[in-house]
Amino acid sequence: MKFVANMHGNEVVGRETMILLIQYLCQNYGLDERVTRIVKSTRIHIMPSMNPDGYEISHEGDNQSIVGRPNANNVDLNRNFPDHYFQENQVQEVETAAVMNWIHQYPFVLSANLHGGALVVNYPFDDNINKKDGIANLTPDHKTFVLLAKAYASAHPLMKKGTQCSDSSEYFPEGITNGAVWYNVEGGMQDYNYLSSNCMEITIEMGCQKFPYASRLPQFWLDNKDSLLLFIEQVYSDIYYDLVNFFYCFKNIIVACKFYSNLRWLIRSTHIYV
Ligand SMILES: [Zn+2]
């Protein structure tokens with residue numbers, strides 16, 4: 001599984017939380033039973049920042065600006081992946097191309113794309129054919145995405161209650177939403193993962209402030225820590241494969257994949273067995 005943080009450079013909670021997660025896993029390995037089990041059973045890749053250039057020009061205390069959101073070429077990286085409906089994104093930025101190669105280099109099964117400025121877990125699809133906000137577009141694996149999204153939200157003390165950010169009227173029951181229902185995102189990373197590989201990715205808005213003051217970071221870590229661990233624990237190691245089929249498991253879920261091309265598999269279906 002993998003975590004990708006800070007693709008919007010001014011959304012730093014994911015970036016800092018990933019550094020703390022790495023530290024927490026390393027320091028507690030061999031001491032804490034849960035951490036030891038997680039590290040021994042799961043291959044975890046962590047990218048604390050996908051957009052270091054944006055981060056460099058962003059500023060502490062930023063609640064909701066877009067300064068530092070795009071990369072140095074002023075491109076929003078979460079609009080830069082090939083889209084399943086539209087052809088605008090034919091040219092990828094170096095950051096996007098590198099992540100696309102990474103996605104296809106390893107058979108990741110689960111991923112989280114970490115953002116900030118809201119408090120909700122968002123699952124595919126992120127856009128709809130109408131290019132309009134507020135219109136649901138659910139995947140054939142909707143129930144599985146909901147379970148994965150709830151796994152994260154249910155362990156977050158505020159997100160699970162659908163807590164609203166103080167400057168927002170948005171309310172998300174149980175702290176989750178379909179991406180297209182919230183607002184339309186073309187060329188997003190989570191849809192690309194889902195449609196072009198065997199990886200199920202969700203997008204996590206980890207807190208209401210995009211770039212909180214450093215003094216507040218310990219609380220963001222405490223709020224998200226159990227969610228991060230529970231999310232990793234959704235990956236089960238049972239895997240079966242032959243020349244044309246590949247199966248893997250989440251907790252109580254079997255995912256069937258079909259062979260696509262050289263080392264690439266696509267999700268065919270998911271089955272929830274309890
Ligand atoms: Zn973002």
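Modeller: With the terms: two strands pair if DSSP finds at least two bridges between them. Strands (E, at least two residues) and helices (H or I, at least four) are DSSP runs, numbered from the N terminus. This is a predicted model, in which local features need pLDDT of at least 70, side-chain atom pairs count only at pLDDT 80 or more, and totals for chains, interfaces and linings use all residues. Residues are numbered from 1 along each chain as its sequence is written.

Biologist: In what order do the six strands of the open sheet lie?

Modeller: Strands of a sheet pair through backbone hydrogen bonds, either parallel or antiparallel. Here the pairing is mixed and the order is β2-β1-β3-β6-β4-β5. β2 (45-47) and β5 (176-178) are at the edges with a single partner strand each, so one side of each lacks a neighbour in the sheet.

Biologist: In which sense does β4 pair with β5, and over how many bridges?

Modeller: Strand β4 (residues 118-123) runs parallel to β5, with three bridges. V121 has I176 as its bridge partner in β5, and Y123 has N178. With β6, β4 pairs in the antiparallel sense over five bridges; L119 stands opposite M206 there.

Biologist: Is β4 buried or exposed?

Modeller: A residue is buried if 20 or more other C-beta atoms lie within 10 Å of its own, exposed if 12 or fewer, and partly exposed in between, with C-beta atoms placed from the backbone. In β4, six of six residues are buried. A118, V120 and N122 lie on one side, and L119, V121 and Y123 on the other.
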